[in-house]
Every structure is written in C-alpha cells, then in structure tokens.
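Trainee: I would like to go through the labels used for this structure and ask what each one rests on.
Mentor: Go ahead, one label at a time.

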Amino acid sequence: MAHFLKDTSHTFGEYLLIPGLTTEESTPDRIQLRTPLAKFKPSEEKQSRINLNIPFVSAIMQSVSNHTLAIELARNGGLSFIFSSQPIDKQVEMVRKVKKFKAGFVVSDSNLRPDQTLRDVLELTRETGHSTIGITDDGTPNGILKGMVTGRDYRLSTDSLDRRIEEFMTPFSKLVYGKKGMTLSEANDIIWNHKLNSLPVIDEEGRLLYFVFRKDYDNHKENPLELSHPEDKTLMVGAGINSRDYEERVPALIAEGVDALCIDSSDGYSVWQAKTLDWIRKKYGDEVIVGAGNVVDAEGFRFLVNHGADFVKVGIGGGSICITREQKGIGRGQASAVIDVANARDEYYRETGIYIPICSDGGIVHDYHMVLALAMGADFLMMGRYFARFDESPTQKLKINGNMVKEYWGEGSNRAKNWQRYDTGGIADKTMKFEEGVDSYVPYAGPMKENLDQTLSKIRSTMSSCGTATLSELRENAKITLVSATSIVEGGAHDVIQKE
C-alpha cells in the first residue's frame, strides 16, 4: 500500500510572520544578508568557499540567466547560473563574458555592419531597447570599429529605410574613443570633458572592446555588495549542467573559471544525478562546488548529500511557469518542502558537523514570501520570474494589449526543448513527449538594480520587525503562524472603495 504523509502540503501564502522584539541591533540599516552557498564546518570556523552577499541566485533558464543578467546580479551581490540548455561552447562563451567584464566597461551586444540599412537599425533597437549601436566591419561585438549610430544620426521623417548605415553613421574618423588598458576614471574624464553620452574603447588593431556610458557613472561609483574575487575583482558566476554530457561540459566550464555548478533537473532524486556527482567528485575531489536537486523531502536531501552535493535545491512544481503537478501529479507545496528539507539539513549537521546550505526554488509570489522561505530554513532563493522581468534578462520586450511585457518560458516547455532536464536514463530522445512548462509573458519591470533595492529593503524591514539582524538569527528565532482563508482576505485592502 502507498505511504500517506499525515501533514498537509502548504504554500508560503498560507503563513505569516509574528513580530519579534526590534532592538538597536536589528534596525534595517544593520541587517546583514550574507549567506553561504556551499557546505562548510562551522565548528572549525571554516567559511563556505562562496558566500553570497544577498540570498538570491537566478534560475537555470534560457529566458533568465545569460551573461548580461549574470553580470548585473553579481554586481548587486547575488549569483547567476548560466543556462545549460545550449551547446557547450555557447555556455562557455557566456561564462567568459562575465569573467572578462570590467565594472563600467560594457561589451556591446548591439552591433551592425556598414552595409546594412536603417531598417536593420530600427529592428535592432526594437529588439534590444538600445539606442547606441556599434558599427563594426563584421557586425560582431569585437570587430574593427567603423563608426557608431545613435538616434541623432537619422531622421525617420526624411530618411529612407533602405539607406545604408555607412551613409549616415558617425564615422570612426569623427569619433572620440578610448584605448585598451585605460581605467574607468580615465574613461569617465573623457566622457565629461567631451560631453559624450558614450565612449567606445578599442584595442591596438582598432577592434571594439567596450562601451562606457555616461548614464552608468553613478552606478559605478560604488557597488558595496558586489560578488567578486578579492584578488582580481573578477565577478563570480555559476553554470547549470545536466546528467547527460557532464563529462564534456564540466571540464570546459571549469577551464573558463566558473565558480559553481548546479545540476539542472526537475527531479533530483535519481541515479543519474548520483552518477554525475560521483564522476565530479572522483575527477575533481572537493575542488569544484556543485549543487544538486530538485528534491522535496528528507530522503531526497540525504541521497544527494551522500553523493557529494555542496548545496541542495528544493522544490518541484511550484514555479510560475511549471505545470509538473498538473501533468504528473508530482510535487509538494513549497513551504512544506522547505521545512522538511531544512529539518533534514539540521539533523545532518548535528550528526556530522557539516552544514549543507539549501536553496528554495519556486513558490515565490510576493516579496514577503522570500522572507518566509528564509525563515523556514532556506539559505538562499533561486528565482526565475522575478529576474525575467528586468532589462538585463535575455528576452524581448514587447507591448501586449497596451502593456509592456517580457517573454518568459519554462525549461519544460516545447519552446525550450530542454529534454536533458527531464532525463530518465533511456535512449537519448530530444523530442519532448509532453510539456511540463508553459510559454508566457511577465510584466516588464525595468532595470534590475532599482527593483532589487526595493525588494531587499522590504526583506530588511521584515527581518527588523522580527527582531533579527542576520539570516541565521531569522532561521533560529522567527515565529511563524498558519493563516486561515478569511485571515488572508483581511490582510489586504478591504471594505473600502479604492481610488484609481
């Protein structure tokens, strides 16, 4: 007979936090959000090999985690896991771009050739939202710089859409530019002295390396939470892997300097993940940080930890674009899953003295759900929808029914065709038999930084109300209560006529 669990499967929306005593030590300005990514031994005062400065990582998804989002999230204290459902060389190139990033020096992702037309300029501007376009000999980000195009270089009312770019661009001979090796301070001095909006930076051969933008000046003055290596200031970045081609993918990513890996799977409690972890540990020992998942109970947690996982990802079916529960009847309410796995983590720590961080993946609807997940035991959160809304995510910005949106699709959708994520060990079959994710839109929210700052402000304020100054204090001392359906209604605006 099947085993029936006595506990009800709960979501974050069914809980509230009870206020604690707020003291001088727990005011929002003193809240610390630093949290470990990888396993460590607190008894030996050993620190995790990577500590996030904010408890956020981005989901291993085509529509979320590319190099542009990875750079911005690392600059704000979190970590991205570059999506793995792409050829190895493409994923490695994204890691390389993050590692080569220099604060303030932006690799151009809007480029055209001189022989293309105004029509191409308008199309590229529509797709990217960028008004500054580098014109290179081959249309690549690192081609020979031939000129630049901005909105001041053409007039839609008079110029033909078939007009060639070389006829109206600002040619290289008239450009003010910087040279390889210059500092950000030197670049900004040139921008201010020449009253420029952007400055191209080239190498000895005239190849475009970066742009420095006037609008980014304030953002570059200080990034106190930046997640980077202290020695060379390179940003940290993670990458997803699968249980099929790991023998080729993992060495390539490590050679490029990736900081952490995570096995991307809808169900982590499998021999395929065990084989992947075993191979990595045999080849690299503990040198490589690798997380595994997803699981929803203590058994799954123990299984992955026993095979060497540095952190464990929790959650099945709770993502906003995930329909695994509808399609297969598999999963668990995210709150119940996090609580169960956190208890297993704490028990494992008592037995071994080794602390295994857990990552809550999915189930976040409102910002306060983030604090609940952290209070219930998660060390950090993996989010897709949250980050997909921002300028830095890789998807198109569109206007649908008068509203600005960005595309967002699940790795289990036919659009993603990420069959490796749903690997069950049979003969490789790249045809998805049925979907476990949907293709959708999310409301466009603008730049990451201003949205992220607001979210972190809410988290710090909530932790202050709980009387906790660190995430470990929150996990130990938070008071949490279940709420009734009527109580949920009471918590929102009610019995009033709201103004438009």
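Mentor: This is a predicted model. Start with lysine 195, which has a relative accessible area of 72%.

Trainee: What makes lysine 195 exposed?
Mentor: Exposed means over 50% relative accessible area. Lysine 195 has 72%, so lysine 195 is exposed. Lysine 195 lies in the loop between helix H5 (184–193) and strand E11 (198–202). Its phi is positive, about 55 degrees, although lysine 195 is not a glycine.

Trainee: Why does asparagine 401 count as exposed?
Mentor: The cut-off is again over 50%. Asparagine 401 is at 76% relative accessibility and therefore counts as exposed. Asparagine 401 is found in the loop between strand E19 (397–400) and strand E20 (403–409). Phi of asparagine 401 is near 50 degrees, a positive value in a residue other than glycine.

Trainee: Why is threonine 117 called buried?
Mentor: Buried means under 20% relative accessible area. Threonine 117 has 16%, so threonine 117 is buried. The loop that holds threonine 117 runs between strand E6 (111–112) and helix H3 (118–128). Leaving out residues up to four places away in sequence, threonine 117 touches Leu161, Asp162, Arg163, Arg164 and Ile165.

Trainee: How do you know that leucine 37 is buried?
Mentor: Its relative accessibility is 0%, and the limit is under 20%, so leucine 37 counts as buried. Leucine 37 sits in the loop between strand E2 (35–36) and strand E3 (51–52).

Trainee: Which residues have the most contacts inside the largest nonpolar core?
Mentor: They are Leu37, Phe56, Leu79, Phe81, Leu261, Phe301 and Phe387, in a core of 99 residues. Helix H11 (residues 334–352) gives the most to this core, with seven residues.

Trainee: How far apart are leucine 37 and leucine 79 in sequence and in space?
Mentor: They are 42 residues apart in sequence and 9.6 Å apart in space, C-alpha to C-alpha. Leucine 37 touches Leu79, and its other contacts include Ile50, Phe311 and Phe380, not counting residues up to four places away in sequence. With the same exclusion, leucine 79 touches residues including Phe56, Leu73 and Met236.

Trainee: Which residues of H7 and H8 meet?
Mentor: Tyr246, Glu247, Val250, Pro251 and Ile254 in H7 meet Lys275, Thr276, Trp279, Ile280, Lys283 and Tyr284 in H8. By class, that contact has seven nonpolar, one polar and three charged residues.

Trainee: Which peptide bond is cis?
Mentor: The bond from glycine 293 to asparagine 294 is cis, with omega near 10 degrees. Asparagine 294 lies in strand E15 (residues 290–295).

Technical notes. Residues numbered from 1 in each chain as written. Predicted model: local features only at pLDDT ≥ 70, side-chain atom pairs only at ≥ 80, totals over all residues. Heavy atoms only, no water. Contact = heavy atoms within 4.5 Å. Helix = DSSP H or I, 4+ residues; strand = E, 2+ residues; numbered from the N terminus. Nonpolar A, V, L, I, M, F, W, Y, C, P; charged D, E, K, R; others polar. Core = buried A, V, L, I, M, F, W, Y, C linked by side-chain atoms within 4.5 Å. Buried < 20%, exposed > 50% of the residue type's maximum accessible area, 1.4 Å probe, protein only.
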